[in-house]
Amino acid sequence: MKTLHRRRHAAIVVAIGVLALVTAGVLLYAYRNPALDASAAPTLDIFDAQRAVVGQYHTPSAEEIASLGNADAVMFGRRLLNETARLLPDNVGNDLNCNSCHMAEGKRPFGNHYLNTGGGSYPRYMTRPGKDIGLAERINGCLQRSMNGKPLARDAPQMRAMLEYMAWLSRTVPDGARVAARSEGPIDTSLPPDRARGQALYAAQCAACHGDHGEGRRDGSGDIAFPPLWGERSFNIGAGMARLYKAASFIKHNMPPAASREPPLGQQVLPDQDAVDIADYFIHQPRPDFAGKGKDWPRDPKPKDARY
């Protein structure tokens, strides 16, 4: 009996050891071979100009890029949008990247996505410049406003790469059609802001990531982890995020990011009033001016939440 007991005990020890080795191997493989991006978002309808559904959009995984004939350009564009400040130091004048505001690499509804940048969506009329603009001009507007920097030449390799990435995201969308996904989430624009209340809410809910003084946070490598919300290293007054209800919408539908591993990224638990109050507090903190602001909205009524 003692011999049988010892054999059983030895067998259990061996089994536990094998299980531990297998688990360690799986964890090591996952560590060395991380997924390139998050789980795919739900399927979205594609509709035509008459709002008839003409197809289904499946958010592509970055793993698919490797099979493309222009894989190098698309991957470079993806990197540029994620690491704009590092890769374009002559064009970015603050501590923001494109994807500081375009969530989930431009794939997330309500998160300023890129899903409809192809499919014939550009050139299109924009009220702020009061004219039709192309996608390259739209990107340069973000570089000059959101990143308080300088435009790229339209034929620059970096510009072409970002356009290639956006074209890849929308490659299955026919010309004239659009993915049924709003770029910005709904917010009650009739709510008046309470700036003092917003300051208290910011301290309680936002400062841990964005800093007590809106200075943002960097990771251990010195890269931007959480962008600054005001100060000389933040977006300038001409950026869309400097507008009250645009900022409030972004906060409500995207903050805090990565609250769970499942989409959507934000918890979406903030009442509209909280989002409006927080936005009103931080957009009115000191930030760079924008020299061309006097030329904005030359033909159309200025939005009621414009800062100038």
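**The chain as a whole**

So, the chain has ten helices and seven strands. Those are DSSP runs, H or I over at least four residues for helices and E over at least two for strands, numbered from the N terminus. Before we go on: this is a predicted model, where local features need pLDDT of at least 70 and side-chain atom pairs count only at pLDDT 80 or more, while totals for chains, interfaces and linings use all residues. Residues are numbered from 1 along each chain as its sequence is written, and side-chain values use heavy atoms, with hydrogens and water left out.

Of the 308 residues, 41% count as buried. Buried means under 20% relative accessible area, exposed is over 50%, and partly exposed is in between, using a 1.4 Å probe and protein chains only. Now contacts, meaning heavy atoms within 4.5 Å. Take those between residues at least 6 apart in sequence: 66% of them join residues at least 24 apart.

Next, an open sheet of three strands, in the order β2-β1-β5, with antiparallel pairing. The edges are β2 and β5 (178–179), each pairing on one side only. Strands pair here if DSSP finds at least two bridges between them.

β1 (residues 44–47) and β2 (residues 53–57) are antiparallel over four bridges. In that pair, leucine 44 sits opposite tyrosine 57, and phenylalanine 47 sits opposite valine 53. The hairpin has five residues between its strands, and arginine 51 there takes a positive phi near 65°.

**Helix α5 and its neighbours**

Over to α5, residues 135–144. Which of its residues are buried? That would be Leu135, Ala136, Ile139, Asn140, Gly141 and Leu143. They pack against α3 (84–87), β4 (131–133) and α6 (157–169).

Let's stay with α6. Two packed helices are described by the angle between their axes and the distance between the axes. The axes are lines fitted to C-alpha atoms, for helices over the stretch in contact, and angles run from 0 to 180 degrees between N-to-C directions. For α5 and α6, the axes come within 11 Å and cross at roughly 110°. The two helices are therefore roughly perpendicular; under 35 degrees would be roughly parallel, over 145 roughly antiparallel, 65 to 115 is roughly perpendicular, and the rest is oblique.

Who makes the contact? On α5 we have Leu135, Ala136, Ile139 and Asn140, and on α6 Met159, Met162, Leu163 and Met166. That splits into seven nonpolar, one polar and no charged. For the bookkeeping, Ala, Val, Leu, Ile, Met, Phe, Trp, Tyr, Cys and Pro are nonpolar, Asp, Glu, Lys and Arg are charged, and the others, Gly among them, are polar.

**Helices α9 and α10**

Last pair: α9 (residues 244–254) and α10 (residues 272–283), whose axes come within 8 Å and cross at roughly 125°. By the angle classes, these two are therefore oblique to each other. Residues in the contact include Leu244, Tyr245 and Ile251 of α9, with Val276, Phe282 and Ile283 among those of α10. By class, the contact has eleven nonpolar residues, no polar and three charged.

That's my tour, happy to take questions.
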